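I opened the model to look up its chains, their pairing and their interface. These are my notes.

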Amino acid sequence: MRYAMVIDTKKCVGCSDCVVACQNENRVPIGYCRDWVIEHAKGTFPNVSIELRSERCNHCENSPCVRCCPTGASHYEDGGLVKVTRQECIGCGACVQSCPYDARYSHPDGFVDKCTFCHHRLQEGKLPSCVSVCPTECMYFGDLDDKESKVYQLLQNRNWKVLAPEVGTKPHVYYLI
Amino acid sequence: MDEEIIISGRMNPKIDPTLGIWGWEIPLYLFLGGLAAGILFFAALYTILGREKELPTAVRKATFIVPAILVIGLFALFLDLKNKLYFWQLYTTIRLESPMSWGAWVLMLVTPLSIVWCVAYWRDLVPNWKFKVEWLEFVEKQVNKYRKPLAWVMIVSSVILGIYTGILLSAFNARPLWNTSILGPLFLVSGLSTGAAVIMWMSKDHLERTLFSKIDLILIGIEIFFIIHLFMGFLASNAAQIEAAQLFLGGAYTLLFWGGVVVLGLLVPAILEILELRGKRIPVALPAFLILLGGMIFRFIMVDAGQLSKYLY
């Protein structure tokens, strides 16, 4: 099993519902967030283009954060999820430095926190909260090893990109372009 | 125009608008760790070469400050942790892939080693000293008996400690300014040169001072070569690293780096030492202080600037 999130930048309107849903679902402390929306503007008028991206931890296959963690608190879970065990985290900040996506932050309670793809919801057979609330349904979640899955199909039929592939992290959040 | 705006208002503290997860604690430790590694390296080296008698400062006197330096450095590292009471988790596992795990274990080896080394030379400092505790005398006897093998362990572990301070940073491929393999050797040489500067400063013996003055000159030469190499590497690399190098080539850190580190911390002390070797009277404190200051500034701006450098996507 290989969990992946596919986000359609053509359908995203940048409403930030995913951000609020995550903060609510995961009890993210006020002033912090595990996901966020980027507006990437390019060109000069009249030739301008805008791309909207809902970003979060990419649950990389070759995760620099897992590699550099001195205590093993950052680790892989089934399906390629990257998670932090709170009780093992000493808050050294190495993983925060190692993430090219700046997806991790230091939780006020003294550990490093980030998106878990809503692992607790997946175990109940539900979708991650950000995906489940998206009003334009531009976010998809599934198993890339399952050829029948929507995520697999979308990556077969549409043009897509991942963020900063040159860092070699092999991200598992894909953007349809 | 090519502009990215976070429209959902992400303002995670210490991440936005620029990364600042590591403050003064880490660069201070990197400096102190390199300094301790430098002093221990020369103490071990000249013990192995059998020159304890000629070079009393390098082998004995200077090593007395090492435990203090390491303890201050370790305390700085401790302060950096967000979950301080869990620091012992570093020692419940060995993770070969993680430079920080290496660093934690090497410190676990080097710190007691440096203390033991000093205990065995304690009578130099206080003649006719009697240890109140019996086992300390036992330690002293054993260390003096096995001084050479101990020196071998210390020379290897001090090199690992010195090079680790650079590798800690260079292993982060997310920060283009750090992600260069020359950083390990550069930090090692810089650490050795600060160590030599301290020995030179503390020494009262002319022969020893001249020797360490020459050693420092060579190390400064190697450092300058490595720095040129560093920038050649950046400018011949990918867009992210070319961008990162701009922080030092016209960007915010240009003056501090070229003025503070290269001119004040390397070139000026080198010139002063050459003048001294040619017979001019230069107070030894001056080049030694400048080398230490330059080393310290170098660690601080590398850690700071590295956190500003990132991949653009």
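I count two strands as paired if DSSP finds at least two bridges between them. Helices (H or I, at least four residues) and strands (E, at least two) are DSSP runs, numbered from the N terminus.

**Conventions.** I number residues from 1 along each chain as its sequence is written, and letter chains from A and number ligands from 1 in the order in which they are written. The model is predicted, so I noted its limits: local features need pLDDT of at least 70, side-chain atom pairs count only at pLDDT 80 or more, and totals for chains, interfaces and linings use all residues.

I looked at β2(A) and found it joined by 5 bridges to strand β1 (residues 2-6) of chain B, the two running antiparallel. In this pairing E39(A) stands opposite I5(B) of β1(B).

**Interface.** I then took contacts, where two residues are in contact if their C-beta atoms, placed from the backbone, lie within 7 Å. By that count 44 residues of chain A touch 41 residues of chain B. On the chain A side, two or more residues each come from β2 (36-44), α2 (64-68), α3 (94-98) and β6 (105-107). β2(A) gives the largest share, 9 residues. I sorted this side by class and got 23 nonpolar, 15 polar and 6 charged residues. For the classes, Ala, Val, Leu, Ile, Met, Phe, Trp, Tyr, Cys and Pro count as nonpolar, Asp, Glu, Lys and Arg as charged, and the others, Gly among them, as polar.

**Confidence.** I checked pLDDT, the predictor's confidence in each residue, from 0 to 100. Chain A has a mean of 96, and 100% of its residues reach 70 or more. Within chain A, β2(A) has the lowest confidence, a mean of 93, and strand β10 (residues 173-176) the highest, 98.

**Sheet in chain A.** Which strands sit at the edges of the open sheet? I traced 4 strands in the order β8-β1-β10-β9 of chain A, with mixed pairing. The edge strands are β8 (139-143) and β9 of chain A, each pairing on one side only. I listed the pairings:

- β1(A) and β8(A) are antiparallel over 5 bridges, and I7(A) has M139(A) as its bridge partner in β8(A).
- Strand β1 (residues 3-8) of chain A and β10(A) are parallel over 4 bridges, and V6(A) has Y174(A) as its bridge partner in β10(A).
- Strand β9 (residues 160-161) of chain A and β10(A) are antiparallel over 2 bridges, and W160(A) has L176(A) as its bridge partner in β10(A).

**Chain A overall.** I counted 6 helices and 10 strands in chain A. Its radius of gyration is 16 Å, close to the 16 Å that the globule rule gives for 177 residues, so chain A is as compact as a globular protein of that length. The radius is taken over C-alpha atoms, and the rule is 2.2 Å times the number of residues to the power 0.38. The C-alpha trace of chain A spans about 50 × 40 × 35 Å along its principal axes.

**Helix α9 of chain B.** I checked the length of α9 (residues 206-235) of chain B: 30 residues, with 44 Å from first C-alpha to last, close to the 44 Å expected at 1.5 Å a residue. The expected span is 1.5 Å times one less than the number of residues.
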